[in-house]
Amino acid sequence: MPDREAVLDPRTEDVVDLLLLQHARIEEQFLLVTGATGEARKQAFDDLVRLLAVHETAEEELIHPLSRTLGDNDAMVEDRLAEERLAKETLTELIDAGVDAEGFDTGLLLLRTSVLEHARHEERYEFPHLRAHVPAERLQRLATAFAAAEKVAPTRPHPGAESAKANIAGGPILAVVDRVRDAVRRAADGKG
Ligand SMILES: [Fe+2]
Ligand SMILES: [Fe+2]
């Protein structure tokens, strides 16, 4: 796995770069879940849950509110938020059911479709506004807040026999979201 901290170095990236990178990483992670079985599948799904929690929470806290300030974007932002809510509901159902549940594959495919369509919509209708209207320096500062969010999200335990019950997907996803939200707000207050 690539070194996330190095990839998310805010000195060289702005927040749109990071968002695009995270979209690509999320898409890749879906493939890893699909292709894995047993314990490896549980761990791959945990990683996916973490990636999605960090990414969508940070977007909800930083990106969509910023888009609202860039002109007549309220309807577009509402559409993106509705997509995120739908994906979160499907994700929560998958977490509750577990990777071994009957119907998990179907649910995962559904989640994949809605998450990737949502990402394409952001790339087409939202991110170009950011690039066009937000000063480059501000976009770079936002990247710092995103990196902060990544750092506080709990990582899964080291692979091993004991880890099966201690994974993120077996724990409270809302706790992950809360921690990310706090970190993003602190970073945005300090730098924004
Ligand atoms: Fe999003
Ligand atoms: Fe996104």
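The side chain of Asp-100 makes a polar contact with the side chain of Lys-42, at 3.5 Å. A polar contact is a pair of N or O atoms within 3.5 Å; within protein, one must be able to donate a hydrogen and the other to accept it, and residues adjacent in sequence count only if both atoms are side-chain atoms. This is a predicted model, in which local features need pLDDT of at least 70 and side-chain atom pairs count only at pLDDT 80 or more, while totals for chains, interfaces and linings use all residues. Residues are numbered from 1 along each chain as its sequence is written, chains are lettered from A and ligands numbered from 1 in the order in which they are written, and side-chain values use heavy atoms, with hydrogens and water left out.

Asp-100 sits in the loop between α4 and α5. Its relative accessible area is 62%, so Asp-100 is exposed (exposed means over 50%, buried under 20%, partly exposed in between; 1.4 Å probe, protein chains only). Gly-38 is 62 residues from Asp-100 in sequence, yet the C-alpha atoms are 8.1 Å apart.

The chain has 7 helices and 0 strands. Helices (H or I, at least four residues) and strands (E, at least two) are DSSP runs, numbered from the N terminus. Of the 192 residues, 46% count as buried. The accessible surface is about 9900 Å², and carbon and sulfur atoms hold 54% of it; areas come from the Shrake-Rupley method with a 1.4 Å probe, and for residues only the protein chains shown count as cover.

Five residues coordinate the iron ion (ligand 1): Glu-56 (OE), Glu-59 (OE), Glu-84 (OE), His-118 (NE2) and Glu-122 (OE), at 1.9 to 2.2 Å. Donors are N, O and S atoms within 2.8 Å of the metal (3.2 Å for Na, K and Ca); water is not among the atoms, so sites may look incomplete. Along the chain the donors follow the spacing E-x2-E-x24-E-x33-H-x3-E. Glu-84 belongs to helix α4 (residues 74-97) and Glu-122 to helix α5 (residues 104-133), so the pair ties together parts 38 residues apart in sequence. Both Glu-84 and Glu-122 are buried. Glu-59 bridges the iron ion (ligand 1) and the iron ion (ligand 2), which lie 3.3 Å apart.

Asp-14 occupies the loop between α1 (4-7) and α2 (15-35). Its relative accessibility is 11%, so Asp-14 counts as buried. The Asp-14 side chain reaches the backbone nitrogen of Asp-17 at 3.0 Å. Beyond neighbours within four places in sequence, Asp-14 is in contact (heavy atoms within 4.5 Å) with Arg-131, Leu-139, Gln-140 and Ala-143.
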